[in-house]
Amino acid sequence: METVLENRCFGGVQGVYTHASTSCACDMTFGLFLPEEANDAPVPVVWYLSGLTCTHENAMVKAGAQGWAAEHGIAIIFPDTSPRGQDVADDAAYDLGQGAGFYVNATESPWAEHFNMWDYLRMDLPDLVFESFALDPDRQGITGHSMGGHGALTLAMAHPGRFRSVSAFAPIANPAASEWGRKQLGAYLGTDEAAWLRHDATRQMQAVGYQGEILIDQGGADQFLDLLKPEALAHAMAARRQPGSFRMQDGYDHSYFFVASFMEEHIAFHAAALWR
């Protein structure tokens, strides 16, 4: 692992680091905010997964999370959204390829060699950060925005007991039934839709649900509502009687202004579970 930069931030440190990933077979970059409390003992951590076209940097500089995390003594990890590099497959469209890993393990050519974000986030990056930093592996939460909200929800439901808390901002809620999903899942995983199901939050909610409370915020003026399909996940949560809240926020769109507006509540939601 190499340090790209470290900056003093709300009494703690905001760092950016690169490392060689076995799963993605390339170098990967991530951001990590460590609160001041990490100088004395391992601290809880929230994973923040970003959306289409983003890198590790977007949420790190736009979401306003560090101040609230510092208030609660919580670390935040900002992974990249895909493998990158000259030898990594890409596509001319913004919603496929580099910047659009969709948090799956690709099985199809040309994506399978590098696009293994599912394993990267459940094995490679956790193994590295819990060995290298003062983070408590028994106190993990996960959240994300848009494509990252999809990743957060599906990873949490697929790994019972690993994440004490999960939330999402405007998640791609039913990708198997959406243009933001069918294209990418078909490209990465092939035409057998049975392979898509663990990567669809609505279908996973119907099948297994989540062991704790969920918090989801969705902007009512989101320009991508038809692609996100929030009503599918809301109905699945209600049918399962899943503990949690699915909140439609009137007038908010899909931007980081929306994310930043509700970040304080999301960090507090995670803190309540992580410090319990």
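Student: Taking contact to mean heavy atoms within 4.5 Å, which residues does Gly-151 touch, not counting residues up to four places away in sequence?

Tutor: This is a predicted model, and in it Gly-151 touches Leu-49 and Tyr-103 once residues up to four places away in sequence are left out.

Student: Where is the place of Gly-151, and is Gly-151 buried or exposed?

Tutor: Gly-151 has its place in helix H4. Its relative accessible area is 0%, and because buried means under 20%, Gly-151 is buried.

Student: How far is Gly-151 from Leu-121 in space?

Tutor: The C-alpha to C-alpha separation of Gly-151 and Leu-121 is 9.7 Å, while in sequence they are 30 residues apart.

Student: Staying with H4, how many of its residues are buried?

Tutor: H4 is mostly covered, with eleven of its twelve residues buried. Besides Gly-151, the buried residues of H4 include Met-147, His-150, Leu-153, Leu-155 and Met-157.

Student: And what does H4 reach from its first C-alpha to its last?

Tutor: Helix H4, residues 147–158, reaches 17 Å between those two atoms, which is close to the 16 Å expected at 1.5 Å a residue.

Student: Switching to the core, which residues have the most contacts inside the largest nonpolar core?

Tutor: Trp-47, Leu-135 and Tyr-188 have the most contacts inside the largest nonpolar core, which has 83 residues. Helix H3, residues 117–132, gives the most to this core, contributing eight residues.

Student: What does Leu-135 touch, not counting residues up to four places away in sequence?

Tutor: With residues up to four places away in sequence set aside, Leu-135 touches Leu-32, Leu-34, Pro-42, Val-43, Val-45, Ala-75, Ile-77, Val-129 and Phe-130.

Student: Cavities next: how many of 30 Å³ or more are there?

Tutor: The count comes to one cavity of 30 Å³ or more, and the largest cavity has a volume of about 40 Å³.

Student: What lines the largest cavity?

Tutor: The lining consists of Trp-47, Leu-49, Leu-121, Pro-126, Gln-140, Ile-142, Leu-155, Arg-162 and Phe-163. Several of these names have come up already: Leu-49 is touched by Gly-151, and Trp-47 is one of the residues with the most contacts inside the largest nonpolar core.

Student: What about the largest pocket, what volume does it have?

Tutor: The largest pocket has a volume of about 170 Å³. Its lining is made up of Gly-51, Leu-52, Thr-53, Cys-54, Tyr-94, His-145, Ser-146, Trp-180, Phe-224, His-254, Ser-255 and Tyr-256, and by class that comes to six nonpolar, six polar and no charged residues.

Student: I was looking at Gln-249; where is its place, and why does it count as buried?

Tutor: Gln-249 lies in strand S9, residues 244–249. Its relative accessibility is 15%, and because the cut-off for buried is under 20%, Gln-249 counts as buried. Not counting residues up to four places away in sequence, Gln-249 touches Asp-217, Gln-218, Gly-219, Gly-220, Phe-258 and Phe-262.

Student: And Asn-116, where is that found?

Tutor: Asn-116 is found in the loop between strand S5 (75–79) and helix H3, and at 11% relative accessibility it counts as buried. With residues up to four places away in sequence excluded, Asn-116 touches Ser-23, Cys-24, Val-104, Asn-105 and Ala-106.

Student: What kind of peptide bond joins Ser-109 and Pro-110?

Tutor: A cis peptide bond joins Ser-109 and Pro-110, with omega at about 0°; Pro-110 is in the loop between S5 and H3.

Student: Last topic, backbone angles: what is phi for Ala-25, and for Ala-170?

Tutor: Ala-25 has a positive phi of about 55° although it is not a glycine, and phi of Ala-170 is near 45°, again a positive value in a residue other than glycine.

Student: Where are those two, Ala-25 and Ala-170?

Tutor: Ala-25 is found in the loop between strand S2 (12–21) and strand S3 (26–34), and at 42% relative accessibility it counts as partly exposed. Ala-170 has its place in the loop between strand S7 (165–169) and helix H5 (179–189), where Ala-170 counts as buried at 0% relative accessibility.

How values were computed. Residues numbered from 1 in each chain as written. Predicted model: local features only at pLDDT ≥ 70, side-chain atom pairs only at ≥ 80, totals over all residues. Heavy atoms only, no water. Core = buried A, V, L, I, M, F, W, Y, C linked by side-chain atoms within 4.5 Å. Buried < 20%, exposed > 50% of the residue type's maximum accessible area, 1.4 Å probe, protein only. Helix = DSSP H or I, 4+ residues; strand = E, 2+ residues; numbered from the N terminus. Contact = heavy atoms within 4.5 Å. Expected span 1.5 Å × (residues − 1). 1 Å grid on protein atoms, 1.4 Å probe; cavity = no way out; pocket = protein on both sides within 12 Å on 5 of 7 lines; lining within 4 Å. Points joined across faces, edges and corners; volume = space filled by probe spheres on them. Nonpolar A, V, L, I, M, F, W, Y, C, P; charged D, E, K, R; others polar.
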